[in-house]
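The following paragraphs lead the reader through a single structure. Please keep the sequence and the model in view while reading.

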Amino acid sequence: NLTYKEYFTMIANELGKMKPFIGIPNSMGAVISTFDVLRSFIMRDQRLISSEMLKLSNAKMLFDNTKITSALNYRFRPVAHTVKDTCVAYKESKRSKQSFASFQ
């Protein structure tokens with residue numbers, strides 16, 4: 001149960017990137033979505049931000065895994081471990097692509 005800000009901060013820390021620092025109030029969501037519709041129309045490109053994405057980004061959702069953990073006697077990994085492993089794999093894949101490109 002993390003906020004998007006907490007989750008993206010975790011990723012930014014692992015990748016050595018800037019942490020999210022700008023919050024978007026709900027009232028700005030419609031404006032941003034409208035500009036994205038216009039941008040996608042003019043550029044003849046996919047939308048980058050849908051109204052559903054904006055709604056989800058501000059939604060508060062809590063999950064409880066008690067039932068499945070007790071029924072299957074299963075323990076989930078902490079999110080921080082998964083984020084770290086994923087970021088390590090991502091950085092390694094970027095290094096591999098750079099090494100491959102230098103041979104061409």
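Leaving aside its neighbours within four places in sequence, Ser40 touches Asp45, Gln46 and Arg47, where a contact means heavy atoms within 4.5 Å. Ser40 is found in helix H2. Its relative accessibility is 10%, so Ser40 counts as buried; buried means under 20% relative accessible area, exposed over 50%, and partly exposed in between, with a 1.4 Å probe and protein chains only.

A word on the source is needed here. The structure is a predicted model, in which local features need pLDDT of at least 70 and side-chain atom pairs count only at pLDDT 80 or more, while totals for chains, interfaces and linings use all residues. Residues are numbered from 1 along each chain as its sequence is written, and side-chain values use heavy atoms, with hydrogens and water left out.

The chain as a whole contains 5 helices and 0 strands, and its pattern along the sequence is α-α-α-α-α. Helices (H or I, at least four residues) and strands (E, at least two) are DSSP runs, numbered from the N terminus. The radius of gyration of the chain is 19 Å, whereas a compact globule of 104 residues would have one near 13 Å; this radius is taken over C-alpha atoms, and the globule rule is 2.2 Å times the number of residues to the power 0.38. Along the principal axes, the C-alpha atoms fill a box of roughly 50 × 50 × 25 Å. Of the 104 residues, 10% count as buried. Among contacts with a separation of 6 or more, 43% join residues 24 or more positions apart. The accessible surface comes to about 9,300 Å², and 63% of it belongs to carbon and sulfur atoms; such areas come from the Shrake-Rupley method with a 1.4 Å probe, and for residues only the protein chains shown count as cover.

Just after H1, Gly16 takes a positive phi of about 70°. With a relative accessible area of 66%, Met18 is exposed.

Met18 also belongs to a nonpolar surface patch whose members include Phe21, Ile22, Val31, Phe35 and Met43, and the whole patch has about 1,300 Å² of accessible area. Patches are made of residues with over 30% relative accessible area and no salt bridge, like charges being joined within 9 Å and nonpolar side chains (Val, Leu, Ile, Met, Phe, Trp, Tyr) within 5 Å. A salt bridge is a side-chain nitrogen of Lys or Arg within 4 Å of a carboxyl oxygen of Asp or Glu.

The loop between H2 and helix H3 (51-58) holds Arg44, which has a positive phi of about 55° although it is not a glycine. Most residues other than glycine have a negative phi. Arg44 is exposed, at a relative accessible area of 72%. Ser50 lies in the loop between H2 and H3, but counts as buried because its relative accessibility is 18%. Its C-alpha atom is separated by 15 Å from that of Ser27, 23 residues apart along the chain.

Further on, Asn73 is placed in the loop between helix H4 (66-72) and helix H5 (79-103). Its phi is near 50°, a positive value in a residue other than glycine. Asn73 counts as exposed, with 72% relative accessibility.
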